[in-house]
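Let's take a walk through this fold, starting with the overall picture and then zooming in.

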Amino acid sequence: MATADFNGDGYLDLAVVNDNDSTVSVLLGNGDGTFQSQKTYSTGAQVEFVTTGDLNLDGKQDIVVANYGDQDVGVLLGNGDGTFKPQVTYKVGGPDSGLAIADLNGDGIPDIVASYYHPSQLGVLLGKGDGTFEAVREFNTTQSQGYEVTIADLNGDGAPDLISSDLHASIGVLLNVTLAKAKLSDVVVPGTSKDVEEIVAKYSGDSRYAGSKSAPIKVKGSGGKTN
Ligand SMILES: [Ca+2]
Ligand SMILES: [Ca+2]
Ligand SMILES: [Ca+2]
């Protein structure tokens, strides 16, 4: 489930995936905790995850879904009135179960990261700015049975880093080296708490990044899959 204001009325709306009938439902909020009747849009097979962001920078929230069964990512561009265009899909290299959105290469355009169950990889789709994406680039994680992905700036250099979680509650870190000014080494995750982890690592060089701990980061799925 994801929330955003899809129709610009200031009230939060909902997007919910339905993996048994391969759709995503959009429910517009009335602002009092109730919702208008749902409108559904087709996704791919075994849709697992939904998130939102403005991918084409038109000020209107868009929807992104992980189509686990089809091994692709579906993008539904928002019309700004609570309706969406049909999904456009981008092939990824495995059954994807998690998604996150951030500008990973610093061009001001949102990018998409998808985590795969197997092989345990993260696939990055760089945005072109018009709501379309480049071919996937894949990065290995150190895990098995990947689940979800979270984005945070772990070393404080302004570049978003990728944190992957798997079904065995282990955490992997992929540092963003496209923009990075400080390098981490010897990354460990000391905590075993359910949803918040601290990443501890050594820094080399620049004293500006001398801290050795990240802020606590809420990691999606680190407690393992629940459904
Ligand atoms: Ca709304
Ligand atoms: Ca948009
Ligand atoms: Ca970008």
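This is a predicted model: local features need pLDDT of at least 70, side-chain atom pairs count only at pLDDT 80 or more; totals for chains, interfaces and linings use all residues.

Residues are numbered from 1 along each chain as its sequence is written, while chains are lettered from A and ligands numbered from 1 in the order in which they are written.

You'll find zero helices and 19 strands in the chain (DSSP runs, H or I of at least four residues for helices and E of at least two for strands, numbered from the N terminus). Of its 227 residues, 42% count as buried, meaning that 20 or more other C-beta atoms, placed from the backbone, lie within 10 Å of the residue's own; 12 or fewer makes it exposed, and anything in between partly exposed.

Now look at the open sheet that runs β13-β14-β15, with antiparallel pairing (two strands pair if DSSP finds at least two bridges between them). β13 (146-152) and β15 (171-174) sit at the edges with a single partner strand each, so one side of each has no neighbour in the sheet. Between β14 (residues 161-166) and β15 there are four bridges, and Ile-163 has Val-173 of β15 as its bridge partner.

Over to the loop between β8 (88-91) and β9 (96-102), where Gly-94 lies. Gly-94 is partly exposed, because 18 other C-beta atoms fall within 10 Å. Asp-72 is 22 residues from Gly-94 in sequence, yet their C-alpha atoms are 7.9 Å apart.
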